[in-house]
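Try each task before you read its solution.

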Amino acid sequence: MTRVMVLTLLAVLPAGGAAQHGDWSMPGKDYAATRYSDLSEITDANAGRLRPVWTFSTGVLGGHEGQPLVVDNTMYVVTPYPNVLYAFDLTREGYPLKWKYRPAVDPNALGIACCDAINRGAFYADGKIVYNLLDGHTVAIAAATGKELWKTRIADLSQGETTPVAPLVVKHRVIVGASGGEFGIHGWLKGLDLETGRIVWTAYNIGPDSEVLAKQGMFKPFYDRGAELALTSWPAEVWKNGGAPVWGWMSYDPDLDLIYYGTGNPAPYNPDQRAGDNKWTASVLARRPEDGTLVWAYQFTPHDSWDYDAASEMILADLAVNGRPRKVLVHFDKNGFAYTMDRATGEVLVARPFVDVNWAKRVDIATGRPVVDSTKLTGASRGNVKDVCPSLEGGKSPASPAAYSPRTGLFYLATNNMCMDYQATQATRIAGTPFIGANTPYHAGRGGQLGAFIAWDAGAGQKVWQTTERYPVWSGAVVTAGGVVFYGTLDGWFKAADARTGKVLWRFKVGSGVVGNPITYTGSDGKQYVAVYAGIGGDWFLLAGDVRSDDPADVRPPADFISDIGRHTSQGGIVWIFAL
Amino acid sequence: MDFRPLVLALGVTAACGGREAAPVARYAGRVFAGGVAPPAGVPQADKNPFRGDRQSAVEGERTFGVMNCDGCHGGGAVGWVGPSLRDGRWRYGGSDGEIFQSISYGQPHGMPAYGGLLPPTAIWKLVTYIQSLDPPANVPTESWR
């Protein structure tokens, strides 16, 4: 079963690519976004002997989200703004650079990106490294030489759009989206031609069917009926600045020929300004990669009143649900529910909370709608709504993608244990400035610890084990055939844990908090390596109080809910590689 | 379009022409809030006419919210994705005129130019609000126990 799946995944790698077994050529490891590696040299028995073998300072201090790629004995690293691309030669001692690419990026993007100048990484296809610059451009770089092959403007800074998302490449199509849920963008997904960078199609996430690419007879959502759903679920004109950014992770099922991605929050945060469900914000959309046609969509949080973006990854797996084998999509939403869905139709099969949730009592899988606790509804007319769980950082952050092991049948993910008060206020849309309208201070959830790393059974909708962490956990995960799962913590520990029990087998202090995603690969010597970025940032650049030291003109008091994080970490930007 | 020759030319002129004119030219590459460019060549005062006036500070605080300043600099201007404005420290100068110029014409690294939307009086009241803020008591030079 496992072997068949791996072979299938290898078979659907982009044509012309030189990716080998043991490489890591796309953000989620494979099109199913499993972040599972069948490498097995490092095991639960020997992980305690891991040691660092190489480090590299990127020279950049922004939050180091995303992950390196390894293709053909070369490691590719994209930094946060100014989005330098490094290519390291893994065949030579000290891994010297083959080349580096320094794009000209508009510094104005720093004032348009909501939450630090992060980048979520590149995609390797057909001899090209494809990634997004923060200022609204996609570039394709020749993997062998570092030469820029094309550069396409995809987004408009003046309208609040920035582009930290990692692309997905399917056959000859490069799929990209834009951030800006805090700037009132009109969210979209675009398909570019891999050879030329030409924009082939644009599919909006909100608006009329003609712009959403919801075509009669083609678009078949499981729960909704009727036309113009993404228009009629909004007040007139309001949808034009309604958000629905694309900033998380995309996946692809080659058999169904569907790409899956989640959309972010509706804008503004004050729900009084946008009556209705606000489709397709906070939703998962399934589209055809060739022309963007919408096939189905499902909204996790209708009329989102808590900034519950659905940008988290959609992991594709074959699981037993209620005793029946199903082709599913598994999604851990910011709203605190874990969804197991039929990925052909968009039917919700299981929806259970994976952290403490109080904004909804449950999800009614007959209707697909959450049963909302009306006392937790927010809006400028409702004043300060106290103690909403989870906080808008999410039960899990979309920035920290989960991993799935077909060997254990479990999903592994970083979680947050935070709640919030939510005071919405009237917001004014001024192009190029934030469009938010809420003040949302956080506090620790039940138990007092701010995070945990957990294992989840998505067929049953149950937590299998958890390791509590003092701080929110904001790293992605990777799990291996050796039975080891890796993750990092906000106070700068990189950890290896037993995938069956959660027992921490090994840890190492990596110099700055981890908000990136570990990968594992085979080196030119045939050994298994594990790589991860250190470099606290992303939302923690905003939230953590004083974790910077480079700007003498910006000093801040510690955040009250995480007052001593500055004792353990400051900003940094380091690539780490470990091995036995 | 490359604005560098223009900026250089105007910069030299400004340097020769005295302080009032100096900042006027340096905003061509900025983001304009609402897409409206600030008027060029308007001479600005060096001194905040409302400095210390409580009512002006209250009006400035309202503008700080309405114009979405808090979306980047945080509620109370304590710092968010943009820097703190109440720590007594300034990237681009903290004199009355320098704060005015930063708001009106923007700054590199993302500060939008608001001079196209806000009249000088409203900007001076924003300056008054920012100047009214006390630095936080608990600064990060503290020790941990």
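**Exercise 1. What pLDDT does chain B average, and what share of the residues score at least 70?**

Start with the term: pLDDT is the predictor's confidence in each residue, from 0 to 100. Chain B averages 81, and 74% of the residues score at least 70. Next, look at residues 1-25 of chain B, where the pLDDT is below 50. Beyond near neighbours in sequence, that stretch has 20 contacts in the model; two residues are in contact if their C-beta atoms, placed from the backbone, lie within 7 Å. For the complex, the predictor gives an ipTM of 0.91 and a pTM of 0.93.

A word on ground rules. This is a predicted model, in which local features need pLDDT of at least 70 and side-chain atom pairs count only at pLDDT 80 or more, while totals for chains, interfaces and linings use all residues. Residues are numbered from 1 along each chain as its sequence is written, with chains lettered from A and ligands numbered from 1 in the order in which they are written.

**Exercise 2. Describe the contact of chain A with chain B: how many residues does it take from each chain?**

Count by chain: 35 residues come from chain A and 33 from chain B. Then sort chain B's side by type: 18 nonpolar, 11 polar and four charged. Here Ala, Val, Leu, Ile, Met, Phe, Trp, Tyr, Cys and Pro count as nonpolar, Asp, Glu, Lys and Arg as charged, and the others, Gly among them, as polar.

**Exercise 3. At what angle do α4(B) and α5(B) pack?**

Find the helices: α4 covers residues 96-105 of chain B and α5 covers residues 120-132. (Helices are DSSP runs of H or I with at least four residues, strands are runs of E with at least two, and both are numbered from the N terminus.) The angle is about 120 degrees, with the axes 9 Å apart. Axes are lines fitted to C-alpha atoms, for helices over the stretch in contact, and angles run from 0 to 180 degrees between N-to-C directions.

Now name the arrangement. Angles under 35 degrees count as roughly parallel, over 145 as roughly antiparallel, 65 to 115 as roughly perpendicular and the rest as oblique. So α4(B) and α5(B) are oblique to each other. Among the residues that meet are B:Phe100 in α4(B) and B:Trp124 in α5(B). By type, this contact has eight nonpolar residues, one polar and one charged.

**Exercise 4. Where in chain A is A:Pro268?**

Look in the loop between β16 (258-262) and β17 (283-287). A cis peptide bond joins A:Ala267 to A:Pro268, with omega about -5 degrees. Another cis bond joins A:Cys389 and A:Pro390, and A:Pro390 is in the loop between β25 (384-388) and β26 (403-405).

**Exercise 5. How many residues lie between β23(A) and β24(A) in their hairpin?**

There are four, and A:Gly368 in the turn has a positive phi of about 80 degrees. The strands run antiparallel and are joined by four bridges. A:Asp364 has A:Arg369 as its bridge partner.

Definitions and conventions:
Pairing = 2+ DSSP bridges.
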